[in-house]
Amino acid sequence: MTKLFIADLHLDETRPAITDLFERFLAGPEVRGADALYILGDLVEAWIGDDDDAPLPSRIASATRGVAEAGIPVYFMAGNRDFLLGEDFAKRAGMQILPDGVVHDIGGERILLMHGDVLCTDDTAYQAVRAQVRTPQFKAQMMAMTLDQRRAFAAKARADSRAYTGKTDETIMDVNADAVARAMRDAGVRYLVHGHTHRPAIHEFSLDGENARRIVLGDWYEQGSVLEVDPGQARLRGLTLA
């Protein structure tokens, strides 16, 4: 049966059409007829904590819980926008949290699953910030703030991110080929699926003399994007808003 992969939805209350598309997709026959759904990070534009009382987290939890209650496993891997999402929300949402860099056997193929940001090693400024915000100390500081303070912090972080990406060479923000090869060798795989870069594509290449494949998931800013994996084949396709 088909395994479905999505990432980089960046759900946000300012883009309600994308949230509507997400809900329709999860309630539709494609997901309900699948064997599993994988969400590989950046489900939301900014996650400020499992105690967020805004409407959007509740809508997300209802949609994913519906899939899980239909008997389809929902796997979630944190990205750079939702690394504060924890077990409390995952339980409410019916999701199983996966560590970044996990290997799953899918249709007889061992596939390395990543969000993808750790592969962008040429972007040294980003990697420095990533290392700082993933520490237990930073997370504790964030959760000690009030919800309003966290919302203000997240808004500033998003603005800073937009300013940074707007002035940074796109090639620097893409994955590094050596980092990709190293991650695949370390995991003992020849198949990698990741998101983060918003450059959907299926890359076929040679790794240590063997055929290898890297699939990049698309973002959900203007449309939806889903990867369908069946035994022996993979298809990337878009989802229209209409």
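**Helix packing and pockets**

Analyst: α1 passes α3 in a left-handed crossing, where left-handed means the near helix is turned anticlockwise from the far one by less than a right angle, and right-handed means clockwise. Helices are DSSP runs (H or I, at least four residues), numbered from the N terminus. This is a predicted model: local features need pLDDT of at least 70, side-chain atom pairs count only at pLDDT 80 or more, and totals for chains, interfaces and linings use all residues. Residues are numbered from 1 along each chain as its sequence is written, and side-chain values use heavy atoms, with hydrogens and water left out.

User: At what angle do α1 and α3 pack, and is that parallel or antiparallel?

Analyst: Helix α1 covers residues 16–27. Its axis and that of α3 lie 9 Å apart. Axes are lines fitted to C-alpha atoms over the stretch in contact, and angles run from 0 to 180 degrees between N-to-C directions. The angle is about 15°, which makes the pair roughly parallel (under 35 degrees).

User: Which residues of α3 meet α1?

Analyst: Contact means heavy atoms within 4.5 Å. From α1 come Thr19, Asp20, Phe22, Glu23 and Leu26. Their partners in α3 are Leu56, Arg59, Ile60, Ala63, Thr64 and Val67.

User: Which helix gives the largest share of the lining of the largest pocket?

Analyst: A pocket is an open set of points on a 1 Å grid over the protein atoms alone, where a 1.4 Å probe fits, with protein on both sides within 12 Å along at least five of seven lines; lining residues have an atom within 4 Å of a point. This pocket has 39 lining residues. α5 (124–133), α6 (136–144) and α7 (147–167) each supply at least two. The largest share, ten residues, is from α7.

User: How much space lies in the second largest pocket?

Analyst: Its lining has 16 residues, with Asp12, Glu13, Ala46, Asp52 and Arg158 nearest the centre. α3 (55–69) and α7 each supply at least two of the lining residues. Volume is the space filled by probe spheres set on the points, which are joined across faces, edges and corners. The value is about 310 Å³.

Key. Angles under 35 degrees count as roughly parallel, over 145 as roughly antiparallel, 65 to 115 as roughly perpendicular and the rest as oblique.
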